[in-house]
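Me: Could you walk me through how two chains meet in a model, and then through one residue inside a chain?

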Amino acid sequence: MKKSSLTILLMTFLPSILMAQGSTDLSTENWMTSPGIIGTFILIAIVVLIAVFILSVRVSTYVESMKKKQFEKKNLEFSEELIRMDESEIDSILEKRKAAKAYKLSGNELGSDVLAQDDKGMINRVTHEPNNPLVDQKKKSPLSLETPEKLKKVVIYYIGASVFWLVFGTLVGQYAGMKFVWPEMDHLSFLGFGRLRPVHTNTVFWGWASLAMLGLGYFVITRTSNNTLFSYKLAWRAWRLINLSVLLGNIFLMAGINNGGGEYREYIWPIAVLFMLGLIITFFNFYKTVATRKISEIYISNWYILAGLLWTITLSVIGYLPNYQDGLGETVIQGYYMHQGVGMWFMTYTLGLVYYYLPSSLNKPIYSYSLGVLAFWTQMLFYTLIGTHHFVFSPLPWWLQTVAIVFSMGMFIPVVAGSTNFLMTMRGSWRQISSSYVLPFFLVGVIFYFVGSTQGSLQAFRFTNFVWHFTDFNVAHSHMTMYGIICFLLWACIYAILPKITGREPKQFFVGIHFWFAFIGMFAYMLSMMAGGTLKGLSWIEGNPFIESVILMKKFWVWRAIGGSMMFISHLIFAYNFYVMTRKQPELEMQVAASIQTDKTI
Amino acid sequence: MFNFHKNHRNLVIVSLTVYVFLSIIIAIIPAYKLQTVQPLPNQNPLSVKEQAGLKVYVAENCAACHTQQVRNIDMDKMWGDRPSMPSDYFYSKKRLDVWKQSPSILGSERTGPDLTNVGKRQAGVEWHLLHLYNPRIVVKESIMPGYPWLFVEKDSTQISKNDVVVPVPKKFLSNPSKKIVAGKKALELAAYLQSLKQTDLPEAARPAFIPASKVKTITATGGQGALPDGKALYAQHCAACHQPDGTGLVGAFPPLVGSPIVNNTDIDLYVKIILQGYDARSDFGVMPGFAEQLTDEEITAIMNHERSSWGNKAEPVKLEKVKSIREFVMQLNQ
């Protein structure tokens, strides 16, 4: 009930934004696609929804009254039974109750005078300071999972490379961000802002997030198919191709050779082809593994992972084919490409990972399988159609813009379905969240999945676009989603799986520091860019000289640099944690660990 | 029917087919349709030099901070006379070469100004070269990075006749004894930026701006005598060259402080320069005309600001006088 009233609230609130601009559309030719008309359709839909709501309230009142009657009937039966009983029977019942009421604990049931002993050597560590001043003591990972040595190596190497690209990519991002504050930091062509910006975005996209996702995917695919990987050789081949493409791509970008500046397809095609080949090989490998699975069902994670790969391959082919990209054709494709790059690749694939790693770290099944399926198909339908919302008010066809805006609202369906599913899975395990170092990452990621995506949909409206488009607000949005959602969820998955397959835990203190630095840093980043972006947009609407909007942003750019530094520091700590989780164990310890493991499996 | 839960082949085929189908409808067909767009009747193709400049623009990724689209909303009026149209991009958005596709010059962020009409705002090459070498020479508050690698440092003895020397003020030079000469790429880029002008369209053929819901009423409330804010207009149109404090830049833009033209009681030449631009002095850069961009009220406001600021103490000018000079100048042109 809560959920439906929330959706109704949202749906009544949103069209009013749409309707508010109905008056600004002067042309009467395309009346069918004008926002006012579409708003009206939505309003009608709301009326229908409200009707359904009222009907369901009526039905439930009727059911309630039926229940009440039943209850009264039972009461009557009980009174009659009491009257029928004889006095001695009633007395004995009352005596028993009296004794029960008078019962008291002696106070030392759980204690003992005997000294504690650890006969079986089960205690690992004794501490006299259970309360860590900075981060809570969290539970250790449960038993390690038996993983084929070869798969383990694949997972670790994919994640290892991704960690390297994360540190490199965010170092570049941090440096580029500082250029807003000190534009004359250097005078080297290959460190120019225009060249570094795509180095930052492409490295964290194709280097960090993509490799981490693939590495985590190898484990999910094999585990949920109860199968061994189809080919380890292909996994290594894809690893080399993708790393090579990011490495070469960055070198070319810094040398000033790019594909034309379209965001996220700045790599020239020969380099993008390397990446595409990597994805094609991975898809083939995953598909073959799923196809020979040892169980009949395909787990929902694999839907998302396989489709994410497939859609992204299609996407990059469409993004790079030259036949229809002269003039504004390129702009249509750019909107499509940059939006889908985020939606069909990072979002889809990462959701697939969460469908496995979240329930597995909570040790319970996902709340609703069907919601996952619903989110899957609606993700494909709505996400695909909304790319042009990056070009609202541009010279692109008006109908294309309108479709994008309307379906941006449709995005509520997969987003609400997905986030509800995850939150309901967590429900009842909140205690576990505070005692685990993995789950807080999941919680933040899931909350941001809802908040960031909803905010993005709202931003697509013409009114909000009016204020925010072209300002730094967009930068805030992209970090809220790519960082708040994708990075946090990937970290959650990595912390969930690595200790289990390597048997080595990260130091909890450092995981805590990683979490808080990333979280607070992102908040500083996000809020400063949102506030600054809004002020900037308002200054433009006022018609002030442009330079004023630059001057007013300066303090916000300083805050952004501070937030960015915290985020970068958290990545260094994450890299250290990765090292702790994967470093080679000394020979002796290995043997002990192995024997412990065999003990436990017995 | 499909049994997606158990049939991996159906799952993969259906999700791929539907996705491809949607992509064709939402991306490929609209993109194809836009291939038939024709240039406007009087639109100029890019010259070889300007095309080369576009490539520098792409290589340095200027589009990371600069847009090139005038949206059909009121606030974008400061960037162009009309909203951009698909035809505007006919020459500039073609495939660059085998390796690079059509450049994404529309941009997605406006950290710096929109460049659709920058060739009209800044017509002279001197301004562009100074600005590219170090933007803070001309705009003190700018946060745009400089592009010194597009320029060459030379001794004054090495300078040949064909070299374009950029009059960089001493304090911006790392080595004050050297001269800064514009490199080939800097000249190409400047030529491209100068070429960025909206093609004129007759009033009737222009797409309309969506009017802002909030109508500015500054002029209406003040009655006849009220003029727009001269200081803000000066900041927007003039300060980039003549500087916010009216001192200009030696060797590039003349000072307005104590200028005989600005402070003269006879304002004929003064108004004429603002309307038509000025290129009579070899020691300074070219000034573009502002006849189309500024109304008489705005020109009067700017003039009064200039005549009463930074120590200038000339009498205010009258709107009627400016109007009559404009009429006279326009007649001469016909």
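This is a predicted model: local features need pLDDT of at least 70, side-chain atom pairs count only at pLDDT 80 or more; totals for chains, interfaces and linings use all residues.

Residues are numbered from 1 along each chain as its sequence is written, chains are lettered from A and ligands numbered from 1 in the order in which they are written, and side-chain values use heavy atoms, with hydrogens and water left out.

Me: How much area do chain B and chain A bury between them?
Reply: Buried area is the accessible area (1.4 Å probe) that two parts lose on being put together, summed over both. Carbon and sulfur atoms hold 66% of it here. The total for chain B and chain A is about 7,800 Å².

Me: Which residue of chain B meets Arg195(A) in a salt bridge?
Reply: A salt bridge needs a side-chain nitrogen of Lys or Arg within 4 Å of a carboxyl oxygen of Asp or Glu. Across this interface the rule finds four. At 2.6 Å, N to O, the partner of Arg195(A) is Glu60(B).

Me: Is Tyr357(A) buried or exposed?
Reply: Buried means under 20% relative accessible area, exposed over 50%, and partly exposed in between (1.4 Å probe, protein chains only). Tyr357(A) has a relative accessible area of 1%, so Tyr357(A) is buried.

Me: What separates the C-alpha atoms of Tyr357(A) and Val220(A)?
Reply: Tyr357(A) touches Val220(A), among others, where contact means heavy atoms within 4.5 Å. The two are 137 residues apart along the chain, and their C-alpha atoms are separated by 8.2 Å.

Notes. Lists of a residue's contacts leave out its neighbours within four places in sequence.
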